[in-house]
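Here is a short briefing for a first look at a complex of several chains. Keep the viewer open and find each part as you read.

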Amino acid sequence: MNVSIPHILDQIIASVPLFKPELVLIIGFIVCIFTALFFEKRWKNSTFIACMVTLAFSLYYLIDQMPNTGTGFSGMWLVDPLSTYARLVIICSTLIIAIFLQQRHSKKNNGDVYSILLAATLGMHVLSSTSNWLMAFIGIEMVSIASYILVGYFSQNKVQSEAAMKYVLFGSVCAAVMLYGLSLVYGLTGNLDFQSAMHLQGLMDAPKAIITLALLFIFVGIGFKLSFVPFHVWSPDVYQGAPTAITAFLSTIPKVGAIVLFARLYQSWTSTAFYFSELSTWFIIGVAIVTMLIGNLAALRQQDVKRMMAYSSIGHTGLLLMAVFAYQDAFSYLLFYIVAYVVMNLASFIFIDQIEQQTGSTSLLSYAGLGKKMPLLFTAFTLVAVSLIGIPPTVGFVAKLMVFTSTFSFFQSSGDTGVLVMLIVGALTSVISLFFYFKIPLYAFLRDTDQPVAVKKQISVLLCIAYTLTILVILFGIFPNWLMAYLSTSFS
Amino acid sequence: MGLLSILIFLPLVATLLILAIPSSAKATYKYIALCFTLLQFGISLYLYGNFDAKLGGIEQMDAYQYVEQLAWIRMDLGTVGKLEIDYFIGIDGISLPLIVLSTLVMLMSVGASWNIDKSPKGYFALLMILNMAVMGVFSALDFFLFYVFYEVMLLPLYFLIGIWGGARREYAAIKFFIYTLLGSVLMLLVIVGLYFSVINPATGAHTFNMLHMMNPANYVDGSFFAHITNYHEVFGIPARLIGFIVLFFAFAIKVPIVPLHTWLPDAHVEAPTPVSIILAGVLLKVGGYGIIRVCYSIFPDIAANTNWWLALIGVISIVYGALNALAQKDLKRMIAYSSVSHMGFVLLGIASLTAEGLAGAMFQMVSHGFLSAALFFLVGVLYDRVHDRYIYNFRGLASLMPKYTAYVAIAFFASLGLPGFSAFIGEAFVIIGAFNAESMSTGIPRWMAVGGSIGILLSAAYFLWTLQRMFFGQTRLQGGQAWQEALTDLNTREQVVLFPTVALALLLGIMPSLVFGNLNASVIQLIDLIKPYL
Amino acid sequence: MISLTHFLVVSACIFCIGLYAVLAKRNTIMILVGIELMINAAILNFVAFGKYDKINYGGQVFALFAIVLAAASVAVGLALILNVYRHFKTINPQDIHELKD
Amino acid sequence: MLLPISPIIASILVMLFPLVASVLQAMLGKKAISGNMALIAILGSTIISLFGVFLPVWNSTSLQQKWEWFTIGDHTLHVGILVNNLTALMQLVVCVIALPVHIYSRAYMKGDSGIHRYWMYLSLFCFAMLGLTVSLNLLQLYIFWELVGFASYLLIGFWFTKETAAQANKKAFLINRIGDLGFLIGIALVYAHCGTLDLATLFNQTGFFKDIDIGLISSIDKNATWVTFAGLAFFLGAMAKSAQFPLHVWLPDAMEGPTSVSSLIHAATMVAAGVFLLCTVFPLFNETVLLIIVIIGTLTALSGALFALGQYDIKKVLAFSTISQLGFMMVGVGIGAWDAAMFHLTTHAFFKCLLFLCAGALIHEMTHWKAKAQLDFDPKDLRHMGGLRRFMPKTFICMVIASLSLAGFPSTSGYLSKDSIVITAYEWASHLGGAYVLIPILLIIISILTAFYIGRLILKVFFGSFKYRSHIKTIKFHEAPKAMLIPMVFLAAASLFPLFGLSLADYHSSWIMQTLDANTIYPTQAQAHLFIPALLTGGAILGWLVGWSWYVKKKYPLSENNRLVHFANKQGYLNEFNESIFVKGTLELSRILYIFDQYMVDGITKFFSWFVRGLSAAVYWFDKYIVDGLVNSFAQATYYIGHLVRHVQNGQLQGYLGFALTIVILGILYLIIT
């Protein structure tokens, strides 16, 4: 192949357009650092504004990038509808998270958090639009490090600092293990692009033992990001410890990037019928089942809402894995599930935060009798909970239905009992999930409060966002094809 | 926007209206609810009036009436194929009586909830949403739509029981919810399976259209639920059988059958009177309706082979429920168990696969619909007065509240199958159908029919015993003088609610053709659908 | 002549040592050190394998990036550990269990 | 044609009048306590029934008319009216009995607080009963059948504040329900095999169950198993309604109701409905069923008569006598002479109704007198009566006539009808020969017993001396009021032979037998017509003499045996011997049997109800702790698993790492090993 410098330069120049949104983010990152340093004192929200502007621009470029697909930077950067939509979701949710942060933590000047947020977003973009292990690792690390800092950033008390520490240590260990696995894979294939024929060839020739080792090590890293069993153990603690805004961030955005990466990986690897393909198939089935079970079962006993939500998101990870498993060339329902998941989680965390503002507690017990005091909020919250369970007419139901549909079609063609078990477990766990999701309305509406809680009537930006999200939950539940048509048009 | 859609979505308008009106004017809520339910009742009567009784329905698309079909969801899932979901509603002889019944029962329940003072806004809003869902379930012909309405029913009920219910309401509410959800999530899997097995002959896409599912020609060969040449097995059980079982399980929970009935007594006892009325009057019917509309119509082959077991379950439910009712000391619980027993007849009749049995089962559903509603209302009357339902705390009420006693006696005798009242026709024809099954060789032995008729005897036993214990003899009350004053006789509102049901029971008992006339064609149609597999 | 196998064995050993440190040490700093070791084991692998990847030197590049990222994450880790120390007055991971079920 | 309307319309009117009356009464409630409406209604019914239905139809072709009721599957059910000799007769009887009872009730129930309910219920009953008689469709018949039971439930429990009444009506309804189930099953069987419930189509000469195959409709093989079962099912229904052993236990308790009610429902009409039903569906029965009917009937007749001997409650005596007489009718049906059965039904209706009315009059007066004399005793108890003929001569005469009729004394209607059954039974037996002879012999003994116990009743009540003679000076004892006497006199007249035929002795010549001819195939035996009546009458007279010597002359052998010392009088000794052996034996037997009835037969029902309650309690326990327990324990288990999962979350960072990595290592090892 031609490796002359000018040619490479040309190629890089040529592939810059594909990189515009990220470039914007990078610039914004730097800008934010400076604003945080210099303007923060004079004008409090300067960094926030800068961050918003950045995101807006990046969003603009993203939309403008919409139709065209392609690869750049000698195949390291790959832009296809999946990545585009994933990044779209990421940017949008980051916007909400930014507002969330601004609303919640605008007391002392902590503008740096926005730059970190942008860094995380950048990492996510990288994750969701590459098929190269190097890029993937960089992305994962960017996201991880950024989230470590975010978790630790506001740590005023023991709990938060502990959460941050656990997060960083657990994360780094997983990263290290994954890196080791990657090194092995690299050694076996001599190629870092997991979609390339050479890579697959290498895997085919490789001895089983090594392959097993390498693959499982790699899955450790991804498992940490997706927090599926057995790498979920960190998430309840961290979710509970971290500030609610950050928890909202953790529970949604990193997963998007990771799941997209995993989807690509899984698709390319299972396209063949070799040991490593079967291995990953079995791996994903088993993990999906266990994750759904453990996530929902463990949530039953939780008394802290954020902890409960942590487990619930673990459970949802199981379903995401199911979606990935049934992942075929048209991944619209995967995106659909991602969107649904993000919307539901963001909404519920905003609600949790609002209630925390009122009662100063995230314990379920403190919700007793609040239903009468904040009827609107709790009605919306209940609807979101219903959607999380997956009961019509909500987006959660449609998403779940589509995952089941695709999985079933897979089952029908393969007749694999494991798949059926996965389906049944998926169905049954939604019954179990009813138990704990409905603790929220149970305490809010059915129980009567003993101590009077003074509820300040204030209508905040966040609540408006949350209500809009709730409306979306219902709307997409009844007319999913509005979202779906949008997602699937560009694939044809 | 056809008449049927209006019927379905009127309550939604009512809900929005109620939510819009500030809580300061809470008095208006019940009137709004009343107006809308009355309107619905009128519409349903209009539907009834203009219904063409000759058309069969079941699996013939063109035999449905008031049909509306709009493309609702069209999604391209790539290799999975196109998702084709219609807003497809229509009624035939099976659904018409139940729709009329539901509107009536809703009217009753609104009447029963006249003096709800605990946050009436939420109460009536939920009630109306429930109302909408019920109407939807009975008229949906697209499985997806059906499922959506089916699930939407649960939420309002959860809150209605949970917030306005009795002492153990939380337990009852969640139990009810879990039971039903358990049934329905498994149903969802089967729905998905059916979706993949059936294609719409017109468009060639997979479809949720129930009527397409009823036609063997539309099944893809080798698909999971394929009619012929189906080798799929789940844990060694043929796929179609397992599909039938799962669906039956889902609906049997609602019916409910023994041993899936335990949610019912709790739910009934804890629920406020209007909700018990709806539960007994409408929700149980959803089960029976589902079995006819879904299990039997989509899986006729399995239905023909399994009806022995269904009949057995029916008989067991009849006797078991009756015996339980006999043992109860709480009046409401007794009536709850009597519902189990009476719904057992429905199952037996359906399983008999004879015209008499099926028609009898439908009739039994209708009559049990408003009779049990009346019974629960009567219990509510007593409970409103003295907040007690314990049978042994009352004695000789007859001399204290003659009007009330008269209504109770009529309701009791009507539901223990005294000829001249509707329940008799239902039960008698279920029994006759079960006897007939042997001559029709649908494989229901006659001892089952005899077993079912024992249920009639037992029902007489517990109703009369209750009558004797609570109403006859010298007046002696637990609450003494205080109750003496509290136990005033029926007021006008209560009589206005009760009288129509009693009158209706009598009317249908004397002129069963009012119901039989409309559902006969559909029943024959269903029999013809199943006969080839016998 | 040192063959690839030697490298692999060495790196495997380093990895295991790191793993041991991570799991067994009663001092958070030591855990960080263990992580460093694991990462370095991987890096060593990369470099060793990179020898056979003449086209675009993926191994070496990866190694460089890995070093940077490892440094970054360890820095963050240290900062957070300091933070923990401020609140708990200890960095023994066993004594830090406010958050649990 | 005496009325310008067709018998069909007429019979509809007959049944509608009481219904209208009942509905009106229900609407007016307390405002109308006179009962005039009911009275007018029944009067109208009677007239129309006589002139509009009976006279035109009797002894001419049977008419029927049907209207479509509803269609189910491809069968269409009809409601309709069937008037033939049988139904017309039954309808007339009901009317003619009901009318005097209504008149009687005006006086008898005067001043009762719930009288408006009384009239309502009574009219309702009349409606149901009259409807029952002329129903065309078996289902329709069943409906009225149960309505009759319902009305009787209401009337037995008329004084619902009385615990015993509340018990009794429940018992009556439940036991009747058992019978009704039989009936329903019978209907179901017939429907399943014939596809129609139309009585005419089923049972007339060209129907399914015709004897000779004309080939219009394929006839049914009457010896098929299902036919036997169906026959037994119908008979079960009849057994409950007509209080046949062992389902008779409800009837004595039913005496809790007002006496007028007992006279109408539990003596004359409703209890006879069973017999009527059997006559209607007679063609259905094959030999097996008929034999069973005979046996049950005889058993009932015997037990009834024996139990009647031991009773002291005047109404209970009559109740048991009713049971016994119904037994006779059943035998009549069983031996194929359903015409005789109908004949006896008719006559029995009159004289038994009269007996009850007289008893009612007695009780009425006793109660009044008791109230005036401020005494406390059971006015229904025979032992408190005696010598009343002096105070109530008219009642006395009426009652004597009724009793003679019951005892089958010549020149009474009872004589004719009873002989008809006994003699036919004799012919039937001698035709079949063998052990069948037992039946007529038993019947004869029973009729003698009948004469004896009714004689005992009369003598105890009207002869001897009044127990409370001391008070009688101060407080006057009245004769029953006119309003009660008139119906009694009317019925007394109806209990004599002329109403049923000019011939005093020969029942064949009675017009009822003439018309409803069951053409029994047994050869008539001339001598039977001679000696059986002689035997019966002789036995009756003998019984009365004995009774006289005991109850009036107070020479009761079992109480004072002072006679035993008179060895001189051998005759007397023999006499004593006989008496103390046979008579005492009989009475002892009756007492023991009654105890048996109380504690065994009725005990069985009690035990059964107890058992069912116990069972239900057990089942409920099972439901609560096993079925529901399973559900809850399942939920608990789920929770517990959730609990287990939480053990991993111990907050130890290295614990987490260890957990995760161990699993990874295990996974690797597992995969490598496999």
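This is a predicted model: local features need pLDDT of at least 70, side-chain atom pairs count only at pLDDT 80 or more; totals for chains, interfaces and linings use all residues.

Chains B and D make the most contacts among the 5 pairs of chains that touch.

**Confidence**

- Chain A has an average pLDDT of 88, and 97% of its residues score at least 70.
- Within chain A, confidence is highest in helix α6 (residues 133-153), at a mean of 93. It is lowest in helix α21 (residues 480-489) of chain A, at a mean of 76.
- Chain C averages a pLDDT of 89, with 99% of the residues at 70 or above.

**Where chains B and D touch**

- On this contact, 39 residues of chain D meet 45 residues of chain B.
- Four elements of chain D each give at least two residues to the side that touches chain B: β1 (63-72), α5 (138-156), α6 (163-194) and α22 (570-645).
- Helix α6(D) gives the largest share of that side, 15 residues.
- By class, the side of chain D that touches chain B has 26 nonpolar, 6 polar and 7 charged residues.

**Where chains A and D touch**

- Here chain A supplies 21 residues and chain D supplies 21 residues.
- On the chain A side, the elements giving two or more residues are α7 (158-189), α9 (208-226), α10 (234-241) and α12 (275-299).
- The largest share of the chain A side, 5 residues, is from α9(A).
- That side of chain A holds 17 nonpolar, 1 polar and 3 charged residues.

- Chains B and C have no contact with each other. Their closest C-alpha atoms are 25 Å apart.

**Chain C and its helices**

- An unreviewed UniProt entry places "transmembrane region" features at residues 6-23, 30-49 and 61-85 of chain C.
- In the model, residues 6-23 of chain C are 100% helix, and the end C-alpha atoms lie 26 Å apart.
- Residues 30-49 of chain C are also 100% helix. The end C-alpha atoms of this span are 29 Å apart.
- Helix α2 of chain C covers residues 28-50, which makes 23 residues. From first C-alpha to last, α2(C) reaches 33 Å, close to the 33 Å expected at 1.5 Å a residue.

**A buried helix in chain A**

- Among the buried residues are A:Lys439, A:Pro441, A:Tyr443 and A:Phe445.
- What covers the buried residues of α19(A)? The cover includes α15 (370-373), α16 (375-389) and α18 (417-437) of chain A. It also includes α6 (154-164) and α7 (169-197) of chain B.

**A hairpin in chain D**

- Strands β1(D) and β2(D) (residues 75-83) pair in the antiparallel sense over 9 bridges.
- D:Thr71 has D:Thr76 of β2(D) as its bridge partner.
- The hairpin has 2 residues between the strands, and D:Gly73 takes a positive phi near 60 degrees.

**Chain B: record spans and one residue**

- From an unreviewed UniProt entry, "domain: NADH:ubiquinone oxidoreductase chain 4 N-terminal" covers residues 84-133 of chain B. This span is 64% helix and 16% strand. Its end C-alpha atoms are 22 Å apart.
- UniProt, again in an unreviewed entry, lists "domain: NADH:quinone oxidoreductase/Mrp antiporter transmembrane" for residues 140-439 of chain B. That span is 74% helix and 1% strand, with its end C-alpha atoms 35 Å apart.
- B:Ala239 sits in helix α9 (residues 239-254) of chain B.
- Why does B:Ala239 count as buried? It has 20 other C-beta atoms within 10 Å, and 20 or more is the cut-off for a buried residue.
- Leaving aside neighbours within four places in sequence, B:Ala239 contacts residues including B:Phe224, B:Asn230 and B:His232.
- B:Gly193 is 46 residues from B:Ala239 along the chain, and their C-alpha atoms are 9.7 Å apart.

Note on methods:
Residues are numbered from 1 along each chain as its sequence is written. Chains are lettered from A and ligands numbered from 1 in the order in which they are written. Two residues are in contact if their C-beta atoms, placed from the backbone, lie within 7 Å. Ala, Val, Leu, Ile, Met, Phe, Trp, Tyr, Cys and Pro count as nonpolar, Asp, Glu, Lys and Arg as charged, and the others, Gly among them, as polar. UniProt positions are given in the numbering used here, feature names are shortened, and annotations may be inferred rather than shown by experiment. The expected span of a helix is 1.5 Å times one less than its number of residues. pLDDT is the predictor's confidence in each residue, from 0 to 100. Two strands pair if DSSP finds at least two bridges between them. A residue is buried if 20 or more other C-beta atoms lie within 10 Å of its own, exposed if 12 or fewer, and partly exposed in between; C-beta atoms are placed from the backbone.
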